[in-house]
Amino acid sequence: MKQSDRAGLLFALAGFCTLSIGDAIIKGMAGLWPAPAIAATRYLVGSGVLAMMLARAEGVAALRLPRDPIQWVRGVAISCSALGMFFAVWLMPLATATTIQFTQPMITAILAAVLLGERARPSTWVATLVAFGGVFLALRPNFATAGWGVLFPVMGATGMAVTIIGNRKSAGRASTLALQYYMSITAMIFLIATTLVMHFWGPANFHVHATDWTVLARCALIGLTATLAQFLIFMGTVKAGAGTIAPMTYGQLLMATLFGYAFFGDKPDALSFLGAAIIIGAGLFLWWMGRVREPAKTEL
């Protein structure tokens, strides 16, 4: 293994594991503050950090709001992904909610075929069907307590898939740092608007109220850990390539399982483990098929 590949894998693994820290903090905040307000605060902090980095790298003029509609699509999509994951970890074990997120590569492949006209190979459809069989097994034990709320992690995975499609469409339109800033600032604006709408016209549990400083501190910590995780994953991608680091995503599931057991007493049952194994297997199969095709494309 090349030194750059080894470094890239370690960066990526650290990044994906760091994502679970934020998820664990979110789970511990259930009922303390409305989800849109927590998400808006998270992106407020993230946008502030990215704004300072972008201003230093490209000047204050780079901080203007994007005019490109696809940047707003990315912001709304990542917001829906965040809200879906927030509700998911509040309703079910952290490991289960994280597991369902790993349907994202399959959803992305299908959306790429529908929205971008990319050809979906038979292996994609097979992996998707198998993965959603795993979703059924993983969610089945939680349906009795969470009801249709078990679909929130699917909402999170779908939002992330749309974000990735938007990322592909955005490639080359601005620097990587600027694109991260655009996504964060548009998500912040959308989530602030959502928070206000739900406060004035939503159910009582969505009304924003004065809260303890520790809640705001945890929101800030979520924003900082997410921004750090994105930076580490980006560094891993630069050093080793997106295809090489893809399996490192499953480090997030390992950390989610450990955090869920250690802090919340979550003990996934046999069906949940079987569902997770099926979803991960489908994802690795899709990744492997993609890696097998790459040399053939290079030779042509």
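How exposed is Arg173, in terms of relative accessible area? In this predicted model, Arg173 is partly exposed, with a relative accessible area of 47%. Let's meet its partner and then look further inside.

**A salt bridge**

Side chains of opposite charge can pair when their charged atoms come close. Here the count of salt bridges comes to one: Asp68 pairs with Arg173, and their closest N and O atoms are 2.6 Å apart. Asp68 sits in the loop between helix H2 (35–58) and helix H3 (69–91), while Arg173 sits in the loop between helix H7 (152–170) and helix H8 (176–201), so the bridge ties together parts that are 105 residues apart in sequence. The table sets the two partners side by side.

**The nonpolar core**

Now for the inside. The largest nonpolar core has 54 residues, and Met29, Ile38, Tyr43, Ile100 and Tyr181 have the most contacts within it. H8 supplies the largest share of this core, ten residues. Leaving aside residues up to four places away in sequence, Ile100 touches Val135, Ala138, Leu139, Pro153, Val154, Ala157 and Ile279.

**A cavity**

The structure also holds one cavity of 30 Å³ or more, with about 60 Å³ of space in the largest cavity. Its lining includes Tyr43, Gln180 and Thr227. Two or more lining residues come from each of H2, H8 and helix H9 (213–240), and H2 gives the most, with four. By type, the lining divides into three nonpolar, five polar and one charged residue.

Terms used. Residues are numbered from 1 along each chain as its sequence is written. This is a predicted model: local features need pLDDT of at least 70, side-chain atom pairs count only at pLDDT 80 or more; totals for chains, interfaces and linings use all residues. Side-chain values use heavy atoms; hydrogens and water are left out. A salt bridge is a side-chain nitrogen of Lys or Arg within 4 Å of a carboxyl oxygen of Asp or Glu. Buried means under 20% relative accessible area, exposed over 50%, partly exposed in between (1.4 Å probe, protein chains only). A nonpolar core is a set of buried Ala, Val, Leu, Ile, Met, Phe, Trp, Tyr and Cys residues joined through side-chain atoms within 4.5 Å. Contact means heavy atoms within 4.5 Å. On a 1 Å grid over the protein atoms alone, a cavity is a set of points where a 1.4 Å probe fits but cannot get out, and a pocket is an open set with protein on both sides within 12 Å along at least five of seven lines; lining residues have an atom within 4 Å of a point. Grid points are joined across faces, edges and corners, and a volume is the space filled by probe spheres set on the points. Ala, Val, Leu, Ile, Met, Phe, Trp, Tyr, Cys and Pro count as nonpolar, Asp, Glu, Lys and Arg as charged, and the others, Gly among them, as polar.
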